[in-house]
Each structure stands twice: as C-alpha cells, then as structure tokens.
Amino acid sequence: MPVSLDLSETATIRLRSLPENDALDLLRKILGQTQIDNALAAAKRIAEVVGRLPLALQIVGGTLRGKMRSLATYADSLQRQKEQSRLLPRLRLREDPDFNVVASLNLSLELLQEEEIDFFACLGVCGEDGFALRTAMAAGGCEDEFDAEDFLDKLYEISLLNSEEAQQDRFVLHPLVREYARSIAQDRNLLSLAQERHAQFFVERLQFDDLEDETVVAEVATDLSDVFLAAEWWQNYWGQTTEKKRKKGYRFVLKLQPLFEHYGYWEQGISLMERLQTWAEQFDDWYTIVRCQMHQGRYWSFLEEFERAEEILISARDISSDDQKIEDIDTRRKRHSKVLNVLGGVYKKQGKTEKAIETFKAQIAIDESLDDKKSLTIAWNRLGGVLEKQGKFKEAQQAFETEIDLAKSLDDKH
C-alpha cells in the first residue's frame, strides 16, 4: 500500500503481528467469548501457529464458526500442517475468496522482478528467529552487498520482510510469509540449492572460529537458529555428499559443543549427537560413535536423567576399550579416559560412590600410562571429591595433594 500510494517512510505505520491478547480478542469476536475462554490454551496455540496474523485469525475463526470441532483438535491439526509445510493451503475460506492468505501474498509478489522473487524465495531457508545480511546473501546466492540491500529494502517496502526490533541490520520473516517463501522456492527449484548455500556458509564461517572464546560465542549466538538449521542440513544430506564434504560437516557438528554447553541447549545437543551417531554407525566409525555417546551421556546427566546417561556411557566405555573397533592404542586410550571421566561424574551424581571411585582410578591408570598430566589433574581432583564425600578424608587429602603437584608441574612446563 505505501508503494502504491507513493507514501514516504515517515508517513507509514508498519503493523506487526497482533499481541497475544489482541489475537485472542479477535477470535472471541468471531467465535464468542465462552468458546475461547473455555479452551484458552488451545486458542493461544492456534494464534501462535498462524503467527497472530489478523487475516489468518479471521480465516481460522470463519472455519471454526458453527462447527462441532474442538479448538484443541483444530490446534493439533494446524500444528501438524505447519510441521509438514502444508499450513498455507488451509488458510482460506471457500465461500469468500477475499479470505485467502496465499492470494493476498501473491499480490505482493506481483510487485517484484524475477531476480527479486528468487532472492525472496531463498530467504525461506534462513532462521525463523531472524537473520543477518550476510546470511541472506549466502542463501540467496547474492555476492554483491549493495544488490542484497536493495532486494531487502524492496521486500521491506512491500511488507514481505520485517526488521528485528531488538537489533539493527537483522531481518525476520513472519512465520506464514516464511512458509510462503519456501513454497515459492520449491516451485522454482531453488529450495535445495538455497539450503546447501546456507549450510555451506555457516560451515565455512565456523571453520576457524574458536567457539570457546566468549566473544566469538556471543557473536555466533545471534545466528544460533541458522547454525542449527545448517547442522541439520548436513546431517540430512551426508549420505548424498562426497567423503570430503561429509568430513567437513562432521567437524562442523562436533564443533558446536561449546555452544550447546554455553547456552544449555541439552535437548538440541542430544538430538544432533544421536543423528550424527546414526550416520557414523553406517560407516563403522567407532571413534565418532564413542564421541557422540559421550556427549549424549553428559547432556542427559545435565538434564538429571542419570540412568539414561549411565546406559549410554557404559556403551561408550565398552566400545572405547575394544581394540577391534578402535585400533590405534593411544587414540583408544585417550578416548576411553575421557569416557571414564564423564561416567565417574554420573556415578557421583547418582550417589554410587564406590563405582565412581573405581571408575576414576581406572581413568588415572590410563592417564599415567599416557603421561597425560592435564587429564590426571582433573581425575585426581574428581577422585578427591568423591573420597571426601564418602568421609575418607586422609585418602581425599592425598588425592588433592597429588592434583596440586601435577598442576605445579604443568605450570612449570609452561
């Protein structure tokens, strides 16, 4: 409308999605206060699924008006349609062609040139929470920053794109517009290409970043939803890529560990590690399987699912001690030591102190054979903590003194 009427930006009021209370009030006007208030949780879910877009809410209300279907059942149906990227076709009223989300969005698309439509379509692979200019350029295959800015400005002018309120130079698609963009990308045979470009961009970007550096972690965190999308793409398409690309994707997923741990994304970490393990099992890559299981065990323990953590870590312990599966002895022992360290910690949290002591002592024996003073320092500290908790103060003191001596030798070395 602002473009059609030649209105200046200062004369334009940009309306975003309705606040939740206003969205519920709109549904109350259509369906009645009693129906909404009696199924308030379901009504909130419906509003959220359609992004609290007024037109979509009116269509939902019109669809439900006079029907016997419960709001909870309808909310479940909408959610399934959204997960399958089939929500948009549902958001129309057969008896009134004006109430059609896709038709309304198609009108905006008519204002774009072909290259602008392609660029918009590719934005559908970017993160739901918002994305940066460089991410849009990568997904859209646009190498010129000024061209990308022109495309984004045009999309913003016709309200197919919003700017993030909290941060400058970041953009966001309304959930329904994002699904619309993906459907356009699919129709124009651009979806797979855009997803690959998007994933490759983040793999290259994080190739040399130190994700244990607080500053770098904070920067990457702004693109976290994009990072997860890239990781999922790599895991979905590993079987279709060359060995070189698979290894690059491999390293990318494993490098995300500091992000999971910094922000406590334990469920996402478990999910990614499970999928990576499944892929590694296809190639009998036992070393990577053990790494995945070790991380899963840690994350399950952080979620206080100790029995699940113990089960997974025992499997990792057994694999990492099998010379038929991990042939190189030093590699096998180092990984076995790390697994024992995590398993001992889980035993400690469970109150299985004798098992914890036995496990940490086994780790110490391996570290001594490897002369790994750094790992020994950690093991003696953890063993001392368990002994102290058990009331064996003299043995605990000896453990802590050994830890201190090892730490001093490391300081002297450096």
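Let's start with E304, which is found in the loop between helix 17 (286-302) and helix 18; helices here are DSSP runs of H or I with at least four residues, strands are E runs of at least two, and both are numbered from the N terminus. E304 has a positive phi of about 65° although it is not a glycine. At 60% relative accessibility, E304 counts as exposed, where exposed means over 50% relative accessible area, buried under 20%, and partly exposed in between, with a 1.4 Å probe and protein chains only.

A quick word on what we're looking at: this is a predicted model, where local features need pLDDT of at least 70, side-chain atom pairs count only at pLDDT 80 or more, and totals for chains, interfaces and linings use all residues. Residues are numbered from 1 along each chain as its sequence is written, and side-chain values use heavy atoms, with hydrogens and water left out.

S159 also has a positive phi of about 65° without being a glycine. You'll find S159 in the loop between helix 9 and strand 4, and it is partly exposed, with a relative accessible area of 47%.

That loop takes us on to the strands. Three of them, in the order 3-5-4, form an open sheet with antiparallel pairing; two strands pair if DSSP finds at least two bridges between them. Strand 3 (131-132) and strand 4 (162-163) stand at the edges with a single partner strand each, so one side of each has no neighbour in the sheet. Strand 4 pairs with strand 5 (residues 170-172) in the antiparallel sense over 2 bridges, and N162 stands opposite V172 in strand 5.

Now back to helix 9. Which residues form the negative surface patch? They are E115, E143, D144, E145, D147, D150, D153 and E157. Patches take residues with over 30% relative accessible area and no salt bridge, joining like charges within 9 Å and nonpolar side chains (Val, Leu, Ile, Met, Phe, Trp, Tyr) within 5 Å. Asp and Glu count as negative, Lys and Arg as positive, while His and the chain ends are not counted. The place of a charge is NZ of Lys, CZ of Arg, CG of Asp or CD of Glu, and accessible areas come from the Shrake-Rupley method with a 1.4 Å probe, where only the protein chains shown count as cover for residues. Helix 9 (residues 145-157) gives the most to this patch, with 5 residues. D150 sits in helix 9 and is partly exposed, at a relative accessible area of 49%.

On to the salt bridges: how many does the structure hold? There are 14, each a side-chain nitrogen of Lys or Arg within 4 Å of a carboxyl oxygen of Asp or Glu. One of them joins R188 and E114, with the closest N and O atoms 2.4 Å apart. R188 lies in the loop between helix 10 (175-187) and helix 11 (191-205) and E114 in helix 7 (residues 114-122), so the pair ties together parts that are 74 residues apart in sequence. R188 is partly exposed at 30%, while E114 counts as exposed at 51%.

Another links E310 with K352, the closest N and O atoms being 2.9 Å apart. Here E310 lies in helix 18 (residues 306-320) and K352 in the loop between helix 19 (329-350) and helix 20 (353-370), so this pair ties together parts 42 residues apart in sequence. Is E310 buried or exposed? E310 is buried, with a relative accessible area of 10%.
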